[in-house]
Amino acid sequence: MGKATQPVSIEGIEFDALISSTEGFSAKSPDYPIEDGFSVQDTIILDPETLDLTLFLSNRPVTWAKRLGNSPGRVEDVVKRLKEL
């Protein structure tokens with residue numbers, strides 16, 4: 001893995017590091033019973049895509065200290081912004 005050239009940014013919110021990410025895709029195919037006792041499926045319902053992220057965030061960033069600064073309320077500010085999203 002190469003060296004990062006900038007912090008991880010999501011909707012303009014910058015994090016110290018991205019630890020892991022996982023994308024999820026799923027779908028459902030509803031069953032419709034018929035008179036002969038069989039079930040048939042005639043459609044597929046796509047579920048929303050999911051994205052699970054594990055991010056590192058601190059009030060005193062080590063990796064991007066010059067860019068992100070040193071603020072005692074940084075974590076609380078980012079949590080507030082994420083809740084607004």
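Helices (H or I, at least four residues) and strands (E, at least two) are DSSP runs, numbered from the N terminus. The model is predicted: local features need pLDDT of at least 70, side-chain atom pairs count only at pLDDT 80 or more, and totals for chains, interfaces and linings use all residues. Residues are numbered from 1 along each chain as its sequence is written, and side-chain values use heavy atoms, with hydrogens and water left out.

**Exercise 1. Describe the surroundings of Ser58.**

Step 1: locate the residue. Ser58 lies in the loop that connects β8 (50-56) with α1 (65-68).

Step 2: classify its exposure. Buried means under 20% relative accessible area, exposed over 50%, and partly exposed in between (1.4 Å probe, protein chains only). Ser58 has a relative accessible area of 15%, so it is buried.

Step 3: list its neighbours. Contact means heavy atoms within 4.5 Å. Leaving aside residues up to four places away in sequence, Ser58 touches Asp16, Arg74 and Val75.

Step 4: look at the side chains. A polar contact is a pair of N or O atoms within 3.5 Å; within protein, one must be able to donate a hydrogen and the other to accept it, and residues adjacent in sequence count only if both atoms are side-chain atoms. Such a contact, of 2.8 Å, joins the side chains of Ser58 and Asp16.

**Exercise 2. State whether Ser9 and Gly37 are buried, partly exposed or exposed.**

Step 1: place each residue. Ser9 belongs to strand β1 (residues 8-10), whereas Gly37 sits in the loop between β5 (32-33) and β6 (39-40).

Step 2: apply the cut-offs. Ser9 is partly exposed because its relative accessible area is 44%. Gly37 has 66% relative accessibility and therefore counts as exposed.

Step 3: Ser9 and Lys66 are 57 residues apart along the chain, with 16 Å between their C-alpha atoms. For Gly37 and Ala27, 10 residues apart, the separation is 24 Å.
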